[in-house]
Amino acid sequence: MATQTPTIDKAPGRWARKYPHLGQEPLPVTPYVDPAYYEKEKAQIFKKQWLYVSLERELPEPGSYKVRRLDCADTSVIIIRGKDGAIRAFHNACSHRGNTVVTESGQETYGHNRAGIVTCRFHGWVYNAQGELVNVPHEDRFYSCFDKASNGLTEVHCDTWAGFVFVNVDPGPVQSLKDFLGGYADHFGGFDFAAADYGFTYHTTLDCNWKVASDAFAEAYHVDTIHAGSFPNVFQAAIEDVQLFGPHRTCSVRLQLDTPPASTPIGDLANERSRSSLAAQAGSSSLPPTLNPNQDPDWAFELSVLFPSVLLHVSEGIWFTHQFWPIAHDKTLWEGKYYLKRPESYSELWGFERAMVLQRNAWLEDTATMEDTYRAMLSGAKKFQHLQDEEILIRHNCVVVDDFVNA
Amino acid sequence: MTDPIGATKTIMEEKSVQTLCRVGDVPADEPLRVVLPDDHAVSVYLWEGSYFCTDDLCTHGEASLAEGYVEDGQIFCPFHMGSFCISTGEPRAAPCSEPIRAYEVIERDGMLLIER
């Protein structure tokens, strides 16, 4: 799908006019609080759709592997680079008695073996990066009906796009990753994600539904209030360039150039020495023509949602993700990962560190709302939420999730 | 039947000097697998400035030891993390229990050699 022409409609209600099928009515709270709804989300979305699980660079050489826990799909997957350079993925389950092959140390476990194998630590069964069972201690004591060749690891669909590794645990045939991403891949595919690999990550487990967490980042309406501390008068509350790509969506967030925030000597110096903060005016040297196509001076960053639960943000020399992993209907693992290019001078390093602290503060402000929102939802006092037009990304998510759940 | 000159015994025990590789071929941080002319594979190690050589095939799990890790003078098998002394071939860590054959490495004219 080709990138759509940016709208010039600025009047209230513009996104509802552009996407009338999304409706304008209040949306029910039930999908956020109902455990049965979450079970359907697991079955119809997280066990059937492509999920972003790793960057290719997290598997730098043959024998590198990562285990990603997927509570939302009742499994965890081993993603491993073989001696042939190919990345494949398997359920982390041994063919012997079902133990996890790689012992997990958390939601993400990393390892490397020069032989390109993983070994179950329970009884020592060894599998290669093609998933084949290559060694069974005391193999001669198994019965004649045991067939080593047919007892490899259970493979899951695995494919890559722009340096991102995806899996799909549906055991049947699935839509290709290319078709799943559709126009979203065209929109972001020209950005050099590999160029920025210096940054920081945070994660925490939140007592809220995954959509509460995702929604909190998917609009700029909250910035004036929630981010009055970290980004005062920096961003506009209205979003621009909204585009829907199947289940995915994107928009751009704009700077307030007419009423710029009060400058500080430190902030001015940091922004002068480095392009590392979303609050600084962006250039466009690293951006593909699909991003900020009109070279608008107030363009700050692209805010997108890679369905189902990744928010991908792209700006000049910066990109970052928020990923919301459902653990239960009322529990979500949030992971924030922020990437810059490697600093080339000490002043740039200092500017980067300042930008990262600023971003951390903003994320703390964001995540601080989520458990409160969810507790209030659980009270049952409010049966509906009321979304305004600039919260169109949230409305789109509600509609898309509901379509999958009721498919 | 007698063998007055002991020829058979001599032939059975005769060792030949076999070339492994050039001195600079063995990286300091990982073993080098070398396949000898009779298809027998050995693993060559550079450890604290000295060269060592053992058979490549683990006596426990049929792994290539050259794909393992050297630490504290031991080669750790990549399959089950058992280990052998790279100098003597004696097993050091379970599940390895049978020794592997170790060879003295001879350095001559820029080449590494063993007798076997």
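Author: In chain A, the domain assignment gives domain 1 (14–42 + 184–405) and domain 2 (51–174), with bounds that come from an automatic or database domain assignment. The C-alpha centres of domain 1 of chain A and domain 2 of chain A lie 32 Å apart. The model is a predicted one, in which local features need pLDDT of at least 70 and side-chain atom pairs count only at pLDDT 80 or more, while totals for chains, interfaces and linings use all residues. Residues are numbered from 1 along each chain as its sequence is written, and chains are lettered from A and ligands numbered from 1 in the order in which they are written.

Where the two domains touch, 13 residues of domain 1 of chain A are in contact with nine residues of domain 2 of chain A, two residues being in contact if their C-beta atoms, placed from the backbone, lie within 7 Å. On the side of domain 1 of chain A that touches domain 2 of chain A, α5 (183–188) and β17 (318–328) of chain A each supply at least two residues, and β17(A) gives the largest share of that side, three residues. Helices (H or I, at least four residues) and strands (E, at least two) are DSSP runs, numbered from the N terminus. By class, this side of domain 1 of chain A holds 10 nonpolar, one polar and two charged residues, where Ala, Val, Leu, Ile, Met, Phe, Trp, Tyr, Cys and Pro count as nonpolar, Asp, Glu, Lys and Arg as charged, and the others, Gly among them, as polar.

A helix pair of chain A can be described in the same terms. The axes of helix α3 (residues 35–46) of chain A and helix α10 (residues 392–405) of chain A come within 8 Å and cross at roughly 80°, the axes being lines fitted to C-alpha atoms, for helices over the stretch in contact, with angles that run from 0 to 180 degrees between N-to-C directions. From α3(A), the contact is made by A:Tyr37, A:Lys40, A:Glu41, A:Gln44 and A:Ile45, and from α10(A) by A:Val401, A:Phe404 and A:Val405. The residues of this helix contact divide into five nonpolar, one polar and two charged.

Finally, chain A also touches chain B, in a contact that takes nine residues from chain B and nine residues from chain A.
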